[in-house]
Amino acid sequence: MDRLDNTVRPYAWGSTIAIPRLLGTEPTGEPQAEMWMGAHPGAPSRTGRGTLAEVVDADPERELGAATVAKFGPRLPFLLKLLAAGSPLSLQVHPDRTQAQAGYEDEERRGVPVTAPHRNYKDTNHKPELICALTEFEGLCGFRDPLRAAELLDGLGVDSLKPYVDLLHARPEEAALREVLTAVLTADPDEMAHTVTETAAACDRLGGDHAPYAGIAHHYPGDPGVIAAMLLNHVRLQPGEALYLGAGVPHAYLDGLGVEIMANSDNVLRCGLTPKHVDVPELLRIVRFEAADPGVLRPEAGPDDEEVYETPTDEFRLSRYVLPEGAPAHDLTLDAPQILLCTAGAVRAGEHDLTAGHSVFVPAGEKAEVSGTGTVFRATVVL
C-alpha cells in the first residue's frame, strides 16, 4: 500500500484552524478548506511511485482490480476529502449522469472552453456525495415543505417577501418551489439586495430558526441565495452523522469539519452564495423541486466491527472502524481499491503508522491489516 501525501485547497470559505487542529500542525492564518485524497487530476495525491493518477494510469487493472475497471472504467471512481467549512459554501446542485452527458456534449458542440468561468459541465459524470461529520456540522439540504418555508419567510415581517409567501401557499408543491426559486434568482438585483438586507436584519433580530440565515447574509450581503437558502432544510449533524446528496438536491455546507466522499466529477450548478456564474435556466432544469426530510444517516453495523454509511451509489462506499485499546487487528483486504484515512488516535495500516489526517491507498487485492487505537475511515467502491 502507498502512503499518501495530499494537497490542501485554500478556498476562501475554508476554516483557518480545523484541518491544522486535526493534523496537529500550526495554523498558517490562511484558509485550509479541503484536503483531497485520490487521483483527481486537479490535485492527485502523491505517493512514492508518482502521483496516484500516474500510478493508476500505468496499470489500472493492477491498482483498481479487473472488476472495478470493468464496471467504472480505468480510473479511481471516487474522491475522498477532509472538508473544513469556516463560512458557507455556494448553494448548489449536481446533475445526474444523463444530464451531465447531454450538458457536456452540448457545451463541447458550442465550443465553450472547459476552463471558461461560465462552463457548467466539466465532464460527463454525475456527482453524488456524502458528508460525515467529525465535529458538529451545519448545512442546508433539500427543500422544506412549502408551507413551512412560507411560515419562516412570513415570520420576518418583510413586505417584499409577501409575494413569495403567497406563492408558497397557493400552488402545488413542485410549482410553488419552482416559481419562488425562479422569482428569487431572476429578480431585479438592486431590489433583491434591498430585500436581503431587510431579511438579514430581521433574522438577526428574531434569532431562533432565523439565526442561521443572518449568519449566511453576513458572509454574502445582498446575495439572492440568502432567500433561496430559506427554502431549504437546515441541518445540524453531530459527529458520526452524515448526509447523502443525490442528483438535483440543492444543498450547501455552512460550518464544521467532515469527511466527504463523492463520485469523481467537477459538475456543479450554483444557485447563489457565490460570486461565480449562476446559469438560472440550466439550474432550473436540473433542480428536483421536491420537499423531503434531509435524511440524516447513521452508520449501520457491518461484519468485523465495520460501521457502514449506506447509500444508493456504487462509485463509493464509506465506512469507519472505531478501534478501542487492545482490539485485535482487522483484515480489510478487498478485491477493490481502498483509501484508509485515520481521523483520531494512532493506528497501523500495513507497514504505515497513521495519526489523524493521514492516509494510505490500498490497491485491489493488496493485504490490508489495520490495528491500534483510533478511528479509521475506509473509502472503496461497490462491486
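Some ground rules. This is a predicted model, where local features need pLDDT of at least 70, side-chain atom pairs count only at pLDDT 80 or more, and totals for chains, interfaces and linings use all residues. Residues are numbered from 1 along each chain as its sequence is written, and side-chain values use heavy atoms, with hydrogens and water left out.

Let's start with the annotation. UniProt, in an unreviewed entry, lists "domain: Phosphomannose isomerase type I catalytic" for residues 3-144. Such annotations may be inferred rather than shown by experiment. In the model, the end C-alpha atoms of that span lie 43 Å apart. The span is 27% helix and 25% strand. Helices here are DSSP runs of H or I with at least four residues; strands are E runs of at least two; both are numbered from the N terminus.

Take α6, residues 146-154, and α7, residues 162-170. They pack at an angle of about 160°, with axes 8 Å apart. Axes are lines fitted to C-alpha atoms over the stretch in contact, and angles run from 0 to 180 degrees between N-to-C directions. So α6 and α7 are roughly antiparallel, a label for angles over 145 degrees. Who touches whom? From α6, we have Pro146, Leu147, Ala149, Ala150, Leu153 and Asp154. From α7, we have Lys162, Tyr164, Val165, Leu168 and His169. Contact means heavy atoms within 4.5 Å. By class, that is 8 nonpolar, 1 polar and 2 charged residues.

Oblique is what remains after under 35 degrees (roughly parallel), over 145 (roughly antiparallel) and 65 to 115 (roughly perpendicular). Ala200, Cys203 and Asp204 of α9 meet Ala211, Tyr213, Ala214 and Ala217 of α10. The classes here: 6 nonpolar, no polar, 1 charged.

Leu273 has a positive phi of about 60°, yet is not a glycine. Leu273 sits in the loop between β13 (269-272) and α12 (280-286). Asp304 also has a positive phi, about 55°, and is not a glycine either. Its loop runs between β14 (300-301) and β15 (307-309).

Buried or partly exposed? Leu273 is buried, at 1% relative accessible area. Asp304 is partly exposed, at 43%. The cut-offs: buried is under 20%, exposed is over 50%, partly exposed is in between, with a 1.4 Å probe and protein chains only.

Notes. Nonpolar A, V, L, I, M, F, W, Y, C, P; charged D, E, K, R; others polar.
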